[in-house]
Amino acid sequence: MKIALKTILGFLVIAAFTACEDDEATQPHAAMSVGKYIYDTNETMKIHFTGSAENVVIYTGDTDHDYELREASNYGLVVNKGLFTYSYQQPGTYKVVCVATNHTDAGNSIKRDTCSFMVKVIDDVTEIERLSAPQVIYDEVFANPVNETDWLLRLPRKIKFKTSNATVSLSQKLKFYIGSDSTKVYIDDKEFSSTAKYNLANVLNIKLKSHEGTERPYKLYTVNYGEFKTFELLGVQGTITRSEFDYSYYEINMTVPSGSDLSNLAPTFTLYSDNDKVYIDDVEQISGTTTADFTKPVTYRFVASYPNRPDITAESTVIVTVTPQ
Amino acid sequence: MTKYIFKIQILCLALLVLSGCNDFLDKEVLGNSTDKNFYDTRYKLQAALNATYDILQSDEFTDSDWRFGEATADDVIGSDEGLSSQMGQLVHFRFNTSNTYIKKRWDINYKGVHRANQVIANVDRVQLSNNDYSKYREIREILGQAKFLRALFYFNLVKTFGGVPIRPEIETVDNLVIPRSSREETFAYIEKDLREAACMLSNRYTSSNSGKASAGAAVGLLMKVLMYQATPGTPSEKWEQVVELGKYFVQGASMTMSQMLRYDERYNEDWETLRKRLWFKPKELNGETDPYEGPDFEIAKLVNAYTFKYTDATGSPITYLDQFYSAGEFCSGSIFEIVFKESGDGTTGDTNEGSSIYSTLFASGSPMYADDQIIANIFGNDYRRNFTIGHHQYTPDHENTEIGAGRILSLKWYTPIKDRPTYTGDSGKNRRYLRYVDVVLMFAEALNECGNGAEALEQLNSYKAVVNELNNSSSLYIGGGYGYLRDQIWKERRIEFSYEWERFWDIVRQGRAASALKTFSTMRPNKRGLYFREGVNEIFPIPQTEVDISNGVVTQNPGY
């Protein structure tokens with residue numbers, strides 16, 4: 001009797017063990033929900049895993065994460081606690097594949113389920129963040145937006161550097177700061193080159209074309225700060241001094257014979273451009289006609305504007321100080 | 001029947017034993033500190049403050065600072081730049097949100113915040129032995145230092161992650177999950193701490209108090225915090241405030257307490273309540289001789305408290321490199337140092353003593369180094385390139401280095417033989433965290449941003465003149481337009497603060513991390529820096545576990 005019992009028990013134990021070997025993994029279920037299917041580059045995509053599985057990975061479909069290339073060392077990204085976030089660097093259309101897996105402890109049985117959706121990533125940046133002439137003699141001079149389409153670059157005619165005054169050419173390189181590398185820039189319908197020089201004497205017609213194909217036109221105007229070309233008082237020629245720090249600030253210091261009456265003088269001067277206007281306070285100054293009191297420093301305000309565009313201006317200041325000898 | 005009786009007996013015995021336990025558990029432990037009575041004296045509060053300083057000394061803090069501030073940027077080549085390692089992924093900007101170094105950086109800085117909060121939240125439990133003015137000042141200075149440290153940790157967090165959760169000062173289990181504050185809110189919180197600390201602390205601590213965060217440290221860090229909020233090329237109130245603080249710190253302009261706090265715009269708090277909160281002696285208790293700090297009370301001047309002359313704490317001349325060594329500890333140009341020595345009792349295994357910068361970065365197999373091309377890019381012909389050292393060259397104290405062929409290291413990471421501790425677990429020198437030169441260069445940059453190029457140049461050259469004394473040079477920076485001056489200031493920053501783990505934050509702040517790293521990637525065979533995504537990688541992702549455990553209350557940064 002006892003032997004029979006032991007034999008039965010022995011069989012039972014063996015049966016139990018063999019049963020374990022045949023144990024199969026439960027069938028996983030792959031399912032995900034996503035808020036939307038169109039994203040900007042670098043925008044966060046949130047995927048919630050809504051199926052049931054022990055292990056979940058997502059192939060996002062871009063470089064290194066392409067499900068079709070999973071045998072060629074492309075890999076999926078692990079999903080933690082059912083939430084997965086990702087963002088795409090490059091615009092394009094990608095297939096997102098979710099792989100849900102269950103397996104037994106020894107890995108003898110592995111079961112998978114997959115699901116997928118397509119996502120479109122667009123890059124539609126046509127905004128100029130900043131725009132500059134990066135090499136004006138030695139300085140990077142930034143342009144400013146005037147309105148939605150017009151940008152204005154204010155340049156001095158000369159720049160003081162160490163002891164010399166170098167003339168600023170109107171032929172300059174340009175530098176664009178744009179939020180996306182994929183956006184192309186065209187100037188007068190030719191593709192922009194960072195090493196080419198552009199003639200700023202004319203308005204530049206700029207066009208930005210995003211990867212998505214959206215085009216947006218801009219115009220770049222260049223205006224030189226106004227200053228006196230010549231300035232003469234009581235037969236004495238004044239010379240202009242520049243500030244190396246502020247391109248819109250000039251000084252003229254001159255000495256005149258002692259005994260001259262400085263209180264009511266009409267200086268004669270010439271300007272570089274017909275579009276430059278000179279004011280003391282709000283009174284326009286005319287060479288040889290309007291008078292000023294030179295017993296103390298006189299501040300001339302220059303308004304240089306682009307031809308026929310009174311809204312596009314560069315303002316500068318010239319301070320004339322006269323000392324009797 | 002006997003069986004039943006036996007069972008009942010056993011059951012009764014069990015009940016008896018279990019009910020007996022209750023009583024034992026209820027008994028209060030006598031003679032120990034609890035969180036209720038722990039903070040009742042100044043000494044206990046000081047112990048809590050020391051524990052906050054401890055975080056700065058920890059290996060995790062040091063480690064995280066060089067990995068993020070230096071290894072990710074364009075002044076070094078890493079020994080570990082393979083994409084299979086977490087470090088390699090980090091410096092290539094090809095990490096995922098579970099990167100271990102990102103998580104560690106988050107953790108160590110929040111650990112610091114938590115410890116500083118312990119001091120700040122419990123300061124009102126302190127009982128003073130008498131009503132002397134000095135007693136209030138002692139507590140106020142402990143509180144001020146805790147505020148400085150909390151600001152320092154949050155500044156690290158906001159630089160790294162953008163807006164972060166502001167932890168409540170008193171944490172309970174009911175509010176463990178805190179949503180993120182915005183970048184602006186986080187910065188405002190930091191600013192408030194620093195402005196208050198600047199009013200509460202002494203301008204400089206010397207002799208046995210050396211190493212305490214001073215008002216100088218608070219104002220210096222405040223200038224940096226303001227500068228990080230401002231954008232180069234865009235006029236803003238923040239730049240103007242840096243100029244205002246620079247005038248106070250560098251040029252000796254006077255500043256009242258309400259100006260420092262920006263009381264009118266930032267506070268709804270009544271002045272007396274504010275004073276009490278910051279442990280200024282309450283007005284009603286003030287004696288005749290006690291000073292009263294009203295809104296117009298002028299805070300201590302900082303001008304001349306620090307200089308950038310190369311002199312030690314006693315005013316004796318030291319070499320340029322001594323500024324970073326034991327000889328130059330608390331030297332005249334050093335505003336805040338992370339003190340390693342005081343806890344160095346020589347025993348191993350205590351991570352808070354800090355492995356030395358020397359043993360980690362210099363002694364053997366440095367995890368990052370430069371090469372000739374990088375050194376030329378940083379220094380050009382500047383004399384300070386002599387403070388770097390290459391393969392088998394001799395250090396200032398004539399040690400033949402074991403740096404690998406072709407590799408160059410900064411002598412700022414070196415520790416002279418005579419200063420080296422006997423025990424490997426110790427650090428032979430303090431880490432310089434904030435130097436006076438930084439304050440002056442921040443002032444110069446802000447002046448230029450506010451359209452005052454001439455004064456900016458003056459500040460910039462005031463330091464260059466000191467550097468020129470090293471080799472009797474007379475080359476100064478040259479005046480020019482906004483962009484030119486800005487580039488010269490940035491160049492000087494890169495040279496002067498090279499290898500002080502500042503470079504990555506600087507290029508991010510200047511808005512040119514992407515272009516600087518792209519340029520760097522063209523020099524490197526492994527193209528490190530090429531994957532930096534402009535507009536995304538300027539801040540790192542919130543560690544994935546933080547997003548997970550908060551069930552999405554803590555949101556991820558855009559692009560991750």
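How are H15(B) and H17(B) oriented to each other, roughly parallel or roughly antiparallel? In this predicted model, the axes of the two helices cross at roughly 165°, and H15(B) and H17(B) are therefore roughly antiparallel to each other, angles over 145 degrees being counted as such.

**Helix pair in chain B**

- Helix H15 (residues 436–449) of chain B and H17(B) have axes that come within 10 Å.
- The crossing in which H15(B) passes H17(B) is left-handed.
- On the H15(B) side, the contact is formed by Val437(B), Leu441(B), Ala444(B), Glu445(B) and Asn448(B).
- These residues meet Tyr482(B), Leu485(B), Arg486(B), Ile489(B), Glu492(B), Arg493(B) and Glu496(B) of H17(B).
- By class, the contact of H15(B) with H17(B) comprises six nonpolar, one polar and five charged residues.

**Domains of chain B**

- Chain B consists of domain 1 (42–298 + 541–546) and domain 2 (353–503).
- A distance of 25 Å separates the C-alpha centres of domain 1 of chain B and domain 2 of chain B.
- Domain 1 of chain B contributes 31 residues to the contact, and domain 2 of chain B contributes 31 residues.
- On the side of domain 1 of chain B that touches domain 2 of chain B, at least two residues each come from helix H3 (59–71), strand E1 (77–78), helix H8 (215–229) and helix H9 (237–249) of chain B.
- H3(B) gives the most to this side of domain 1 of chain B, namely seven residues.
- The side of domain 1 of chain B that touches domain 2 of chain B contains 16 nonpolar, eight polar and seven charged residues.

**Contact between chains A and B**

- Chain B supplies 20 residues to the contact and chain A supplies 22 residues.
- Helix H16 (453–468), helix H17 (482–496) and helix H20 (544–549) of chain B are the elements that give two or more residues to the side of chain B that touches chain A.
- That side of chain B has six nonpolar, 12 polar and two charged residues.

**Three-stranded sheet in chain A**

- Three strands of chain A form an open sheet in the order E10-E9-E16, paired antiparallel.
- Strand E10 (139–142) and strand E16 (175–178) of chain A are the edge strands, each pairing on one side only.
- Neighbouring strands of this sheet are turned against each other by 30° on average, direction ignored.
- Strand E9 (residues 128–136) of chain A and E16(A) run antiparallel and are joined by four bridges.
- Opposite Lys175(A) in E16(A) stands Ser132(A).

Terms used: Residues are numbered from 1 along each chain as its sequence is written. Chains are lettered from A and ligands numbered from 1 in the order in which they are written. This is a predicted model: local features need pLDDT of at least 70, side-chain atom pairs count only at pLDDT 80 or more; totals for chains, interfaces and linings use all residues. Domain bounds come from an automatic or database domain assignment. Two residues are in contact if their C-beta atoms, placed from the backbone, lie within 7 Å. Ala, Val, Leu, Ile, Met, Phe, Trp, Tyr, Cys and Pro count as nonpolar, Asp, Glu, Lys and Arg as charged, and the others, Gly among them, as polar. Two strands pair if DSSP finds at least two bridges between them. Axes are lines fitted to C-alpha atoms, for helices over the stretch in contact, and angles run from 0 to 180 degrees between N-to-C directions. Angles under 35 degrees count as roughly parallel, over 145 as roughly antiparallel, 65 to 115 as roughly perpendicular and the rest as oblique. A crossing is left-handed if the near helix is turned anticlockwise from the far one by less than a right angle, and right-handed if clockwise.
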